[in-house]
Amino acid sequence: MNKILFKIYLLSFFIGIAQPIWSQSPYYYYKQLGIREGLSQSKVQSVLNDHRGYLWIGTEAGLNCYDRDHLKQYLHQPGDEKTLPSNNITFIAEDSLCNLWVATMGGICLYDRENDNFRTLSNGGKPIYVASYLLVEGGVLLSGSGAIYKYAYATNKLEPLYYAQDPAYYTPFWQ
């Protein structure tokens, strides 16, 4: 009888300890970000919360990174190939290797976290415009303007997979 009472006592003790943990509501952080706070423009076109908890905000006038304390702008600087190829951001994505992809109207680039700059991907020396992406094993498929490319992690290079000869076939690659 004493063993049963002891087990009931232990069970109720652990339930009593766990109850405050279960009943805690999640913590939400709200802050309005606008031009006054340093956002490059109020028309937001894409948003990504990366694996580090940073909020990346793409607008028609630049890329912004918010770390809960500061809002940093990334803008195209003519003549500097380590900046964005254009300020008009079309999408932001993060792949399985935590690479940050930023697509702009002037081409797609990879963010270099260590050096806090960008590397624009090109084909034949020309930046490629990308409208959509698909994460696949071993890389990322990128498509737009009648072409499909694969960025292979093994080689860190862009491989052309398909070119449409007729502009009528460009449309499916935008989605």
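Trainee: Why is Pro85 called buried?
Mentor: Buried means under 20% relative accessible area, exposed means over 50%, and partly exposed is in between (1.4 Å probe, protein chains only). Pro85 has a relative accessible area of 18%, so it counts as buried. Keep in mind that this is a predicted model, where local features need pLDDT of at least 70, side-chain atom pairs count only at pLDDT 80 or more, and totals for chains, interfaces and linings use all residues. Residues are numbered from 1 along each chain as its sequence is written, and side-chain values use heavy atoms, with hydrogens and water left out.

Trainee: What does Pro85 touch, leaving aside residues up to four places away in sequence?
Mentor: Contact means heavy atoms within 4.5 Å. On that basis Pro85 touches His76, Thr104, Gly106, Gly107, Cys109 and Thr120.

Trainee: And why is Thr83 called buried?
Mentor: Its relative accessible area is 12%, so Thr83 is buried by that cut-off. Thr83 is found in the loop between strand E4 (71-74) and strand E5 (89-94), and Pro85 is found in the loop between E4 and E5 too. Strands here are DSSP runs of E, at least two residues, numbered from the N terminus.

Trainee: Which backbone atom of Gln77 does the side chain of Thr83 reach?
Mentor: The backbone nitrogen, at 3.1 Å. The side chain of Thr83 also has a polar atom 2.9 Å from the backbone oxygen of Asp80.

Notes: Helices (H or I, at least four residues) and strands (E, at least two) are DSSP runs, numbered from the N terminus. A polar contact is a pair of N or O atoms within 3.5 Å; within protein, one must be able to donate a hydrogen and the other to accept it, and residues adjacent in sequence count only if both atoms are side-chain atoms.
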